[in-house]
Amino acid sequence: MVTASMPTVERENYLNKHYGVGSWLFTTDHKRIALLYLLSITFFFFIGGFFALLIRLELLTPAGDLVQADTYNKLFTMHGMVMVFFFLVPSIPAVLGNFLVPLMIGAKDLAFPKINLLSWYLYIIGGVMMLHCMLTGGVDTGWTFYVPFSTAFSNTKVVEAGLAIFVVGFSSILTGLNFVVTIHRMRAPGMTWSRLPLFIWAHYATSIIQLLGTPVIAITLVLVAAERALHLGIFDPKLGGDPLLFQHLFWFYSHPAVYIMILPSMGIVSEIIACFSRKRIFGYSFVAFSSIAIAVFGFLVWAHHMFVAGISVYAALVFSLLSYLVAVPSAVKVFNWTATMYKGSIHYDAPMLYAFGFLGLFTVGGLTGLFLAALGIDVHVTDTYFIVAHFHYIMVGGAVMGYLGGMHFWWPKISGRLYPEGWAKLAALIVFIGFNLTFFPQFILGYIGMPRRYYQYPPEFQVLNVLSTAGATILGVGYLLPMAYFLWSMRYGKPAPDNPWNAAGLEWKTASPPPTFNFDEEPVVTWEAYNYDELNRLPVKQETPVAR
Amino acid sequence: MPDSQLTAAHNPALLHHFAEPRQQRDAASLGMWVFLGTEIMFFGGLFCTYLVYRRAYFGDWGAASKTLDVTLGATNTAVLICSSLTVVLAVWAAQTCRRKLLIGNLLATLVLGTAFLGIKGIEYKEKFEKHHVPGASFQFNNVTIPGHPDQYANPSHAEIFFALYFVMTGLHALHMIVGIGIFIWLTVMAWKGRFTPEYNTPVEMGGLYWHFVDIIWIYLFPLLYLIDRHP
Amino acid sequence: MSAHPSSSLKLYFGIWITLLACTGLTVWAASLDLGPFNVAVALTIATFKAILVALFFMHLKGASEKLTKLVVVASLFFLLILLVLSMSDYATRTWS
């Protein structure tokens with residue numbers, strides 16, 4: 001069993017094994033690739049955040065006075081495109097997934113290490129294309145690219161943006177492919193499916209969505225590019241084309257995409273709640289199968305984004321019903337997490353604070369999703385700030401909180417250092433307060449009628465908008481703090497032991513940071529997942545792992 | 001996608017992160033099948049588009065489809081079927097240590113694949129000459145709908161057919177080109193003697209990809225060429 | 001995958017001939033006026049050919065694991081979802 005061990009930062013590990021830019025740019029080590037991704041997605045997170053800042057600044061006043069209307073269209077478009085495709089979709093799988101999947105299953109690397117590196121290069125190429133597009137005029141169609149505006153009327157760089165997303169989509173597909181094959185083929189002896197951490201189940205489900213959904217948006221963007229550049233008018237209403245066909249194809253991916261964004265976060269929350277309740281996850285198989293159910297059901301509901309677009313009312317009924325059903329597995333998870341904490345021994349370390357935040361905010365976001373599944377309500381609040389608030393509660397309150405929680409939880413493993421716990425708790429609090437101040441007013445704004453994607457609004461909406469912008473500023477500070485102290489910790493942080501949290505999981509049985517090939521000896525698993533009863537009975541009391 | 005960097009020396013191409021060759025081969029196989037699954041969805045978006053418009057504009061699409069050359073289309077189908085045979089024979093040759101037969105079949109596959117592209121090129125040229133390429137110069141006037149000699153097909157709807165025709169067959173041709181590239185590489189490797197009965201995974205995986213591209217064409221042919229062919 | 005015995009050669013050539021015959025059959029069937037069944041016949045023949053290629057040329061039949069078949073079935077299932085649920089909109093629109 002694990003005992004307190006000497007910090008191993010000085011030992012040879014994946015960070016200090018080779019030096020030089022080449023050793024990073026040509027690496028096939030999944031852990032190094034995870035860090036390459038960490039740098040790139042953090043960069044794009046700040047780009048997307050920068051656009052958000054400009055949006056919120058414009059919305060401080062009712063008049064459109066900071067930017068012109070066309071510019072505002074570009075701002076919310078590029079905020080959406082960058083955040084969805086270059087941050088939310090890749091973030092957890094490409095950073096934490098890449099780092100942890102082989103470790104958690106006891107493998108030396110992913111199944112296809114070179115394809116993993118190719119994934120990152122595709123991300124970079126797509127990113128450069130998107131940056132170039134933004135710097136040379138941007139795109140104003142909304143991240144949703146609706147035709148015929150995007151194909152026939154927009155005067156902005158639609159083709160380039162579409163192709164950038166096409167490229168980064170293949171990065172996503174290859175990551176999913178790698179995970180599925182790895183989880184099937186590379187588990188250590190004794191690591192049966194029912195002993196897998198729920199993080200792995202979540203990433204497996206995410207990968208299924210990435211594999212089956214992304215190709216559809218890829219071909220759809222090709223069709224948009226073909227129509228715009230080659231005049232192959234497949235969606236052109238003048239020829240008899242149906243703009244709604246674009247929406248069907250677009251949302252067939254983009255709805256499951258939101259499950260790509262939330263499932264990995266749910267996986268993280270399972271790990272954190274188990275560890276900081278010192279208990280096995282309640283209802284392990286229910287949570288595991290819920291992940292798969294979310295992935296499957298998520299493909300059945302896409303037209304709930306099209307209720308007011310002109311689809312047949314009978315189809316709307318079907319999709320409304322299916323949208324209610326898709327909420328069930330998510331609710332199952334929330335109940336199981338809550339049951340896990342019941343009679344657990346709760347510790348309020350920073351990762352757990354993020355998990356608590358996730359639970360509350362994801363629940364709000366998910367419940368408001370149910371409101372939207374109701375046709376009667378949706379007709380009124382579609383294209384208002386109610387929708388904006390709904391999806392930000394899930395994507396920011398859910399996915400990003402989970403991501404931050406996971407970064408804190410596994411930071412000692414990744415870097416070999418402990419982050420400063422006091423600052424981390426403060427940052428978590430600031431993020432939570434800032435988030436709610438930003439987005440709760442938006443529920444009200446949407447309900448009372450403020451449309452989304454508008455840069456001016458009636459004066460009576462100003463107070464709520466000002467609150468929202470104030471919240472955004474606070475949220476921004478909350479995001480900057482972890483960046484600062486993570487960087488600080490790489491130099492000045494206390495060296496981390498193998499298992500600072502006394503957590504269950506194979507990744508904690510190897511050094512922090514791990515050696516290049518992950519384990520000194522191939523692990524043989526003879527215990528169930530989340531064996532906290534055994535860990536709690538450790539004879540040696542672990543020293544307090546956190547720096548104060 | 002198979003990840004098979006061939007290492008020299010005594011180790012028969014076993015990569016370090018795998019425990020044994022069988023695991024490596026099973027990983028490559030699952031990877032290729034999963035990739036083909038993604039390709040099903042990639043083409044699937046186009047099949048969805050096809051389905052929607054064919055239902056809506058059946059007559060016009062019948063007229064447009066009739067202007068495609070069935071003989072060339074059927075010939076191309078036969079060419080691809082023959083190439084699938086040569087592919088499966090190549091895999092068999094690799095598994096039974098018949099190097100010359102392996103190289104011969106790989107080359108035959110390349111020839112047949114190139115022939116397919118050549119015939120496609122002829123068809124595209126003909127479409128260009130008849131002004132059936134969508135865009136400013138598109139013309140489709142006074143073409144009667146099959147079975148309704150008193151009705152002319154709507155040129156706009158026909159234009160959508162041809163747009164989809166070019167995208168679907170164009171995407172397919174792109175996949176053929178990639179396949180040809182893969183098989184050139186396989187031929188070079190085979191000529192260098194890299195494939196043995198113990199290790200021939202790349203040939204198998206390349207074969208899977210080629211067969212998949214064949215299957216796509218098996219569907220494209222009737223859907224595009226045979227919508228309404230009765231006199 | 002173990003090496004195939006030479007009887008598999010006979011199988012490959014047999015499948016090949018069948019595929020070519022089916023191609024001829026589908027061209028011929030298209031020239032008949034079967035009304036709405038033209039589509040059904042064409043797609044049935046195409047599907048039969050595709051199954052032959054998948055089972056015998058791609059060795060799906062002898063696949064060592066159910067997983068391979070599951071991957072194929074799952075992909076086709078989701079393609080079906082795309083087609084069927086999209087058609088649930090188009091087929092029930094009461095306007096043109």
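User: Hi! How many of the residues of chain B count as buried?
Analyst: Hello! This is a predicted model, and in it 63% of the 231 residues of chain B count as buried.

User: What's the secondary structure of chain B?
Analyst: Chain B has 6 helices and 2 strands.

User: Switching topic: how many residues of chain B are in contact with chain C?
Analyst: There are 46 on the chain B side, and they meet 49 residues of chain C. Together the two chains bury about 3,900 Å², with 80% of that on carbon and sulfur atoms.

User: How many salt bridges does the rule find across that interface?
Analyst: The rule finds 0 salt bridges between chain B and chain C. For polar contacts, it finds 2 residue pairs across the interface, both at pLDDT 80 or more.

User: Which helices of chain B supply residues to the side that touches chain C?
Analyst: Helices H1 (21-56), H3 (70-95) and H6 (201-225) of chain B each supply at least two residues. H1(B) gives the most, with 17 residues.

User: What's that side like by class?
Analyst: The side of chain B that touches chain C has 30 nonpolar residues, along with 9 polar and 7 charged ones.

User: Last one: what is the accessible surface of chain B?
Analyst: About 8,500 Å², and 64% of that surface belongs to carbon and sulfur atoms.

Notes:
Residues are numbered from 1 along each chain as its sequence is written. Chains are lettered from A and ligands numbered from 1 in the order in which they are written. This is a predicted model: local features need pLDDT of at least 70, side-chain atom pairs count only at pLDDT 80 or more; totals for chains, interfaces and linings use all residues. Side-chain values use heavy atoms; hydrogens and water are left out. Contact means heavy atoms within 4.5 Å. Buried area is the accessible area (1.4 Å probe) that two parts lose on being put together, summed over both. A salt bridge is a side-chain nitrogen of Lys or Arg within 4 Å of a carboxyl oxygen of Asp or Glu. A polar contact is a pair of N or O atoms within 3.5 Å; within protein, one must be able to donate a hydrogen and the other to accept it, and residues adjacent in sequence count only if both atoms are side-chain atoms. Helices (H or I, at least four residues) and strands (E, at least two) are DSSP runs, numbered from the N terminus. Ala, Val, Leu, Ile, Met, Phe, Trp, Tyr, Cys and Pro count as nonpolar, Asp, Glu, Lys and Arg as charged, and the others, Gly among them, as polar. Buried means under 20% relative accessible area, exposed over 50%, partly exposed in between (1.4 Å probe, protein chains only). Accessible areas come from the Shrake-Rupley method with a 1.4 Å probe; for residues, only the protein chains shown count as cover.
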